[in-house]
Amino acid sequence: MVMNMRKVGIIGVGHVGAHVALSLAMQGICDEIQLCDIDEEKIVSEQQDLLDAVCYLPHRVRVTLGKYEELADCDIIVSSVGKIDVVTKNRLSELQQSVDMIRTFVPRLRKAGFQGIYLNITNPCDIISNQIQKESGLPAARVIGTGTGLDTSRLKAVLARETGFDHKSITTYMLGEHGDSQMAAWSVTAFGGKPLAQLEEEEPERFGFDKEVLAEEVRKAGWKTLNGKGATEFGIASTAARMISCIFHDEKQIFPASTYLDGEYGEAGLYASVPVVLGKDGVDEIIKLNLDDKEMGEFQKTCSVMKEHIALIK
């Protein structure tokens, strides 16, 4: 009997990539993590640090190093390359440099025969996910961006703070761009299945918070983290690890992620973040939310912002 060993490759082992590796190792999500970075001294150090940790983890995991082509047999490859623009604090300003970076490895992996799943973190996440799909030639369902998975966790965090409910009892989503134009789907927000609109009427002192103030707090949360520590790492690593676990275990969990739209939500030809069903083949299904007219307008606006920047790619 041949046993299938779950293998994840991580390209770009900076703050984000290193913490994704640690999250995968600590949770026992995969059997092998293969690190790849242009800074060879850095990945040797990260490999050693991870190997030092393995002895005290509840799961055995191999940590190896590889060149781009050596990642071709991975089940999932995480793209976490990139350089944060701390001057403009706008993810869209990182577009061309990020495109140039993914072009250094995606064509080489395509030539090497990679047929797994790409999970993209590189910003601007939605547009780069779109570019990876084009450059890789893989079906769109097999190229996924973390997108507003992280932003949705931030929205749940502020709602938990405001209401006292645990995050896991809250259903809500940030949608569209993983960036400044993202929007909150308030019309489908619920607490234990009870709609926010109903709770606003029943307990206005508890649920009558200013929605736009909270949505703006979510949009700016990443920069708040960056300002104090120079990087965002824990939240995005947890997001990526959860998505990878959903794929490996064919969980069919509904998760906000960046995926290719082909008519859904009235948009086509681009990646944007919406709820999807995650399983062993990547995106199994796109969930269509019943957004109100105002929210549909906001969603179309965030997609327009991304389309304008897609047209700028050289």
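Where is tyrosine 265 placed? Select it: tyrosine 265 sits in the loop between strand 12 and strand 13 (268-279). Strands here are DSSP runs (E, at least two residues), numbered from the N terminus, as are helices (H or I, at least four). Phi of tyrosine 265 is positive, about 60°, although the residue is not a glycine. Its relative accessibility is 1%, so tyrosine 265 counts as buried (under 20% relative accessible area; exposed is over 50%, partly exposed in between; 1.4 Å probe, protein chains only).

A note before moving on. This is a predicted model, where local features need pLDDT of at least 70, side-chain atom pairs count only at pLDDT 80 or more, and totals for chains, interfaces and linings use all residues. Residues are numbered from 1 along each chain as its sequence is written, and side-chain values use heavy atoms, without hydrogens and water.

Next, select lysine 252. Lysine 252 lies in the loop between helix 10 (234-248) and strand 12 (253-262). Its phi is near 60°, again a positive value in a residue other than glycine. Lysine 252 is partly exposed, at 42% relative accessible area.

Now go to proline 124, in the loop between strand 5 and helix 5. A cis peptide bond joins asparagine 123 to proline 124, with omega about -5°.

Finally, colour the domains. Domain 1 covers 7-145 and domain 2 covers 148-312; such bounds come from an automatic or database domain assignment. Their centres, taken over C-alpha atoms, are 23 Å apart. Look between them: 39 residues of domain 1 are in contact with 41 residues of domain 2 (heavy atoms within 4.5 Å).
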